[in-house]
Amino acid sequence: MTPIRSLAVVVAVLVSLALTGPAAACRCLTPSLARTTAAADVVLVGTLTRIDAATATVAVRAVWNGQAAATVTIHDSPTSCRRGLPDGATLVIMARRDGDRLTLRQCDGTQRATPALERRLTRRLGAPRAP
């Protein structure tokens, strides 16, 4: 490869990185319910009652998979792109255990709870149980 061609390739790569910016790395296609439930250590539905810099306290209503107390703390990991957790929202949370912490990650399937989503989870994982 000639020096000019090499320089052109390097410039093209740098320009593409500059134009996409960090937000592009935070986008993902919505993964399937099968994939997200299989990857999650805990699948629950709960309401966010307190939000701090990178954590949220959740009042748990139901648990489909894993163990969760009536109130849990969810950690928003750096790989979740700090998408933020909306205060007061009721979410289906698909979290992973990181030691003794429950952590959200990018593209983990956590989303607003809807009756339709809860029915799909019940068909896939069975009836939910109380925390």
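User: How much accessible surface does the protein chain have, and what share belongs to carbon and sulfur atoms?

Analyst: In this predicted model, the accessible surface of the protein chain is about 7900 Å². Carbon and sulfur atoms hold 58% of that surface. Of the 131 residues, 31% count as buried.

User: Which secondary structure elements make up the protein chain, and in what order do they run?

Analyst: There are three helices and six strands. Read from the N terminus, the order is α-α-β-β-β-β-β-β-α. As for contacts with a separation of 6 or more, 59% are between residues 24 or more positions apart.

User: How should I read salt bridges, and how many salt bridges are there?

Analyst: The general idea is that side chains of opposite charge can pair when their charged atoms come close. The cut-off used is a Lys or Arg side-chain nitrogen within 4 Å of an Asp or Glu carboxyl oxygen. By that rule there are two salt bridges. One joins R61 and E118, with an N to O distance of 2.9 Å. Because R61 lies in strand β2 (residues 55-65) and E118 in helix α3 (residues 115-125), this pair ties together parts 57 residues apart in sequence.

User: Is E118 buried or exposed?

Analyst: E118 is buried, at 17% relative accessible area.

User: Which residue forms a salt bridge with D52?

Analyst: D52 pairs with R50, and their closest N and O atoms are 3.4 Å apart. D52 has 38% relative accessibility, so D52 counts as partly exposed. R50 counts as exposed, because its relative accessibility is 53%.

Key: Residues numbered from 1 in each chain as written. Predicted model: local features only at pLDDT ≥ 70, side-chain atom pairs only at ≥ 80, totals over all residues. Heavy atoms only, no water. Buried < 20%, exposed > 50% of the residue type's maximum accessible area, 1.4 Å probe, protein only. Helix = DSSP H or I, 4+ residues; strand = E, 2+ residues; numbered from the N terminus. Contact = heavy atoms within 4.5 Å. Areas by Shrake-Rupley, 256 points an atom, 1.4 Å probe, with all protein chains shown as cover.
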